[in-house]
Amino acid sequence: MTEEIIIAGFGGQGVLSMGKILAYSGAMQDKEVSWMPSYGPEMRGGTANVSVIISDERISSPIISQFDTAIILNQQSLDKFESSVKPGGVLLYDPNGITNPPKRTDINIYKIAATEKAADLGLAKVFNMIVLGGFLKVKPVVTEEFIEKGLMKSLPERHHGMIPENLKAVQTGKELVQAVHTL
Amino acid sequence: MFNQDIVKPENLVYKRTEVLTDNVMHYCPGCGHGTTHRIIAEVIEEMGIQDKAICVAPVGCSVLAYNYFEVDSLGAAHGRAPALATAIQRLNPDKHTFTYQGDGDLAAIGTAETIHACNRGENIVIIFINNGIYGMTGGQMAPTTLVGMKTATTPYGRNVELNGYPLQITELLAQLPGTYLVTRQSVHTAAAVRKTKKAIRQAFENQKNKKGTSFVEVVSNCNSGWKMPATKANEWMVENMFAKYPIGDIKVDGELVQK
Amino acid sequence: MAKELKLMKGNEAIAEAAIRSGCDGYFGYPITPQSEVMEHLMAEKPWEKTGMVVLQAESETSSINMVYGGAGVGKKVMTSSSSPGISLMQEGLTYLAGAELPAIVVNVVRGGPGLGTIQPSQADYFQATKGGGHGDYQLFVLAPATVQEMYDFVFLGWEIAFKYRNPVMILSDGAIGQVMEKLYVGDYVPRWTDEELRKNAPWASFGKPTDRKHHIITSLELDSAKQELHNHKLQAKYREMEEKEVRFEAINCDDADYIFVAYGSSARIAEKAMQLGKEKGYKIGILRLITLFPFPKKKIAELSTKVKGMLAVEMSAGQMVEDVRLAAEFRCPIEHYGRYGGIIHTPQEVLEALEEKIIKRK
Ligand SMILES: Cc1ncc(C[n+]2csc(CCOP(=O)(O)OP(=O)(O)O)c2C)c(N)n1
Ligand code: SF4
Ligand SMILES: [Mg+2]
């Protein structure tokens, strides 16, 4: 199993940390992982993206241009990455602010209204964990047990009190995700 | 009323200076770089020296200053702007060469160039944006970082034993015989902007009269680097930065007014 | 040795390795994409754990001369930077090489020339392997391809640097610096005691005891006859490195028709291209260079008699390819492929280049 993922959205949406938690969880489950961020001052308030690879084998290139899954959190990122999903792959997006939804018919498309849900629940902080839950429902590349271990490893100890809230958000995401178009 | 009834020359009260290009500035909202750019451009326009002005841009957040000033420009290597300006002005004594530099650029890697250009009394204008941090590279300690201030390379606050003291480069430069005007200003209020504009005007006038080096420091916020909203950053600046870097003239017409 | 699993960026791994390998001092100046090296050190406060000194200098010129000072008194000292900063260090590097001082210098390469871009590149190969500064000298150049190697090569770097009394460069790039991967770290190696320093760096200017003459660390020799002898000694040292210290990883090379020659992140991209090529039925191997100086000339010469062609893959306009051609002496077709100026080639592009430039040739 090798899963090549891109997560893309605005800086401040927790894109990088969602990728980090995913990578940590994979590592705890004894998989090979890589996490490669876009970097530099262009990220100031602009877009941020990170590619994450989780694999049972040695990871060759951490720099990838074709993805098994694209997790998309704004229109700019959708425009940029829709064409980079491998045929038969998955595109998961949050419809908030999306005026031009994905159009491809050779991939599986899911949506998750995580921004709305997080606002409703007053849980803006764990918005990204809701999205992560949606992804895990579609592609269970790591199990819940290891998400918890990943959180323990990636969060500083003083934030460990927030882990249950994060796990609940993952659960919420699993229930929230909807298929738009499947092959 | 229709638009054409309003847009008439006699109704014009404010116009953006043509010494700035139409490019959208990349600075963070509320950052002092943008305001200072505008003031410099207005002075150049008011003095009618656009054709004589030559900008030497630094390396720092204002590395792209040349995209905003509609004047001929050069991008220097990190810290070397005063060396470029020295040659440009000596080879073109009737031009108006100015450098625009951050605190890392001017007071760390470029300290030697700064001190020697000022000591030679090069007939240049130096605009120095002191925000107490390396904005461009993601908020590391600058030589001007205040004691106790947290940055990416002083995560527990600047500690004198470890990192030394904040460098008051402006006071130091005022001691050199080559400097003719040395002043410290800010751009966080309308009144401050007016004073800074006056200082920059004076600097370019001095240059026209071949008086030697004119040095204008602008104490500025770096809301991104300081990790504060812009208004809060300005409050923090007034309270903390101004205590270490007090606003006012230090040397006027070649005479120290403060010691 | 107990191994602990971490997830870290390549840049952080360099810093972690410095602390754990008994480094005495790090001197640096911020520059993207390697500022995390110093940021990690400052956050870890190694001066409280191991006594290691960490200092943010006022420039790279200063950093490298701090390294010169520390190395001259026998300490394990290092610096890191990225391309524009490494260019500023060239003066210091030739003095280190001339005075035969051990040190580690990390270059997390970004696209040039000049201020260039902050994105990954491999266009500093010539600068790293052909001198860079003035005079006849060589750095020992290691090219990590993983976060684990960023860590491991700091340990290896000390070994080489002190064995040969020569500066070691770890030539990385923005991708390996920024990527986060699994990293296994070992126990802390204690810093050298004064006695150990005297034993491991007996030549150093650490203070003259009564029973010997004073030591002088310098690269100056006004008597040209002596300077020529000194150069002979340096050259003999470089030849010994070529004899004993060549390192590479040969993947699927034994029955390959085609070889990708690459190092660092390009080697990993090429590995992916190799997998894609396998699906198309091509027999491709990879020669991944670990030491760029000393260069694996013999291995390339040997492979050049067995394969139908080689593609040198590097994020530059074609630098390493020159050494590949010299080593292969034109016994097989050798071409270059690479995007540059901060653009990273994709595995698909690399495979297409192999097909176009080598497989479908003539
Ligand atoms: C030789 C060299 N070293 C390091 C850098 C990286 N660098 C770019 S800008 C900068 C500091 C900028 O700080 P400052 O001058 O205070 O400007 P600000 O961004 O705060 O306006 C550094 C260290 C570089 N470009 N060149
Ligand atoms: S990082 Fe700081 S100095 Fe740079 S543009 Fe933003 S606020 Fe201004
Ligand atoms: Mg600054």
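Which residue of chain A stands opposite C:Met180 in β8(C)? In this predicted model, the residue opposite C:Met180 is A:Trp35. Residues are numbered from 1 along each chain as its sequence is written, and chains are lettered from A in the order in which they are written.

Helices (DSSP runs of H or I, at least four residues) and strands (runs of E, at least two) are numbered from the N terminus. Chain A contains six helices and seven strands, arranged along the sequence as β-α-β-β-β-α-β-β-α-α-α-α-β. The C-alpha atoms of chain A occupy a box of roughly 40 × 40 × 35 Å along the principal axes. The radius of gyration is taken over C-alpha atoms, and the globule rule is 2.2 Å times the number of residues to the power 0.38. For the 183 residues of chain A, a compact globule would have a radius near 16 Å, and the value of 15 Å agrees.

Chain B comprises ten helices and ten strands. Its radius of gyration is 18 Å, close to the 18 Å that the rule gives for 259 residues, so chain B is as compact as a globular protein of that length. The C-alpha trace of chain B spans about 65 × 45 × 35 Å along its principal axes.

Between chain C and chain A, 26 residues of chain C are in contact (heavy atoms within 4.5 Å) with 26 residues of chain A. The buried area, which is the accessible area (1.4 Å probe) lost on putting two parts together, summed over both, is about 2,200 Å² here, with 59% from carbon and sulfur atoms. On the side of chain C, the greatest losses to chain A fall on C:Leu7, C:Met180 and C:Lys182, together 27% of what that side buries. Strand β2 (residues 32–37) of chain A pairs with β8(C) in the antiparallel sense over two bridges, pairing being assigned where DSSP finds at least two bridges.

Four salt bridges (a side-chain nitrogen of Lys or Arg within 4 Å of a carboxyl oxygen of Asp or Glu) are counted between chain C and chain A. One of them joins A:Arg58 to C:Glu249, with the closest N and O atoms 3.3 Å apart. Elements of chain C that give two or more residues to this side are β1 (4–9), α9 (174–178), β8 (180–185), β9 (248–251) and α12 (264–279). Of these, α12(C) gives the most, with six residues.

The interface of chain B and chain C involves 17 residues of chain B and 19 residues of chain C. About 1,400 Å² is buried between these chains, 63% of it on carbon and sulfur atoms. In chain B, the residues losing the most area to chain C are B:Thr153, B:Tyr156 and B:Leu162, together 34% of what that side buries. Zero salt bridges are found across this interface. In chain B, α4 (103–109), β6 (140–141) and α6 (160–163) each supply at least two residues of the side that touches chain C, and α4(B) has the largest share, three residues.

Definitions and conventions
This is a predicted model: local features need pLDDT of at least 70, side-chain atom pairs count only at pLDDT 80 or more; totals for chains, interfaces and linings use all residues. Side-chain values use heavy atoms; hydrogens and water are left out.
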